[in-house]
Amino acid sequence: MTDVEVYRARMERAAVAAAQEGLAGLLVAPGPDLVWLSGYRVPADTERLTALLLLPGRKPRLFVPELERPDAEHAAGAGAMDISGWTDGEDPYAAAAELLEPQGRYGVSDNAWALHLLAFQRACPGTAYEALTEALPMLRAVKDAFETEKLAAAGAAADATFERIAELPFAGRREREVAADLDRLLREHGHSQVDFTIVGSGPNGANPHHEAGDRVIQDGDMVVLDFGGLLDGYGSDTTRTVHVGEPTAEERKVHDLVREAQQAAFEAVRPGIACQDVDRVARQVIRRAGYGEYFIHRTGHGIGVTTHEPPYLVEGEHLPLVPGMAFSIEPGVYLPGRFGVRIEDIVVCTESGARRLNNTGRELRVVR
């Protein structure tokens, strides 16, 4: 399929899915939904309206500021939609509202600015709106073969980054220095965007989202490394926990426990199993070992054109897995004031189970 055909199919599928859910259409704002549906990445997200309207039975229409129209016309999916430019001084909301059903209910991108959504409501006061992740949680959740291979390439780049970082010295360096190396290595391996480089050493590792700081990494530290970003438009996200010098018996025990939980959750992945049940499998392993209270976050999250998106592997999420869903499996144990351990891979649900997109060793790596 050509790029235009890919994006045309996505927009058609989204419009059909909206109608099946009883929606009058979709209002897509700048951000990951717009990129995934149309291939158009807004040069700068501003107060000027950019919005893609997907209405059943009608050709997609993209409203853009006239000064940004040339960029929109070069988007990969431009040939599959009509593009309407508007100039400063005009009311783009009124023009767009003419296409809306006066009493229609529309799905809207989660990250739409309140400024724009409220303007649409004023222009067409009888309309109602629902967040896309609630209205159509499966819209981007199931990846095709093309997307899966994009994610695999991003995962391979993250793996190569880990192998390189594990060869560098840790002891005597600040966390932020190691984080800078992670950023540099991800970019050297093809990432155009780095979203996070978590380096949690010693007691800082007990904070799952610790921001790398000025703490000097010491011999004897456990160090949590969690990093990722976008390569060719698709996300990477992996975590490995390393140890500076030889670990203690307890540190090895906790790491082995997290590795066991991660493996058990991976083996539980199959079509039809509820997202929450994968979380329960990982949690049960850790709870039985007496560390349940120290596993303080969900087991995983979806990934695609963003590094965090549906589905979420968490208690209360009854959505069943289907082939093509891509998500992280990342259990952890966090002992306050002491150390933390997390192991994370991106996996894809297949017809027969799961495929890992991260393949570096999950054993406790000793670094210097």
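In which crossing, left-handed or right-handed, does H9 pass H10?

**Entry 1: the model.** I recorded that the model is predicted, that local features need pLDDT of at least 70 and side-chain atom pairs pLDDT 80 or more, while totals for chains, interfaces and linings use all residues. I also noted that residues are numbered from 1 along each chain as its sequence is written, and that side-chain values use heavy atoms, with hydrogens and water left out.

**Entry 2: H9 and H10.** Helices here are DSSP runs of H or I with at least four residues, and strands are runs of E with at least two, numbered from the N terminus. Two packed helices are described by the angle between their axes and the distance between the axes. For helix H9 (residues 249-268) and helix H10 (residues 275-288), I found an angle of about 155° and axes 8 Å apart. H9 is therefore roughly antiparallel to H10 (under 35 degrees counts as roughly parallel, over 145 as roughly antiparallel, 65 to 115 as roughly perpendicular, and the rest as oblique). The crossing of H9 past H10 is right-handed (the near helix is turned clockwise from the far one by less than a right angle). In the contact (heavy atoms within 4.5 Å), I listed Leu257, Glu260, Ala261, Ala264, Ala265 and Ala268 from H9, and Val278, Val281, Ala282, Val285 and Ile286 from H10.

**Entry 3: H7 and H8.** I then looked up helix H7 (residues 145-165) and helix H8 (residues 175-188), which pack at about 135° with axes 9 Å apart. That angle makes H7 oblique to H8. Their crossing is right-handed. On the H7 side I found Ala158, Thr161, Arg164 and Ile165; the H8 residues they meet include Val178, Asp181 and Leu182.

**Entry 4: H5.** In helix H5 (residues 114-123), I found His116, Ala119 and Phe120 buried (under 20% relative accessible area; exposed is over 50%, with a 1.4 Å probe and protein chains only). These residues lie on the same side of H5, because they cover an arc of only 100° around the axis (taken from the directions from the helix axis to the C-beta atoms). The exposed residues Ala114 and Arg122 are on the face turned away from the buried side. The cover over the buried residues includes strand S1 (25-28), helix H4 (92-97) and strand S6 (128-131).

**Entry 5: backbone.** I noted a cis peptide bond between proline 310 and proline 311, with omega about 5°. Proline 311 is in strand S12 (residues 309-313). Aspartate 232 is not a glycine, yet its phi is positive, about 50°. I located aspartate 232 in the loop between strand S8 (222-231) and strand S9 (234-235).

Technical notes
Axes fitted to C-alpha atoms, helices over the stretch in contact; angles between N-to-C directions.
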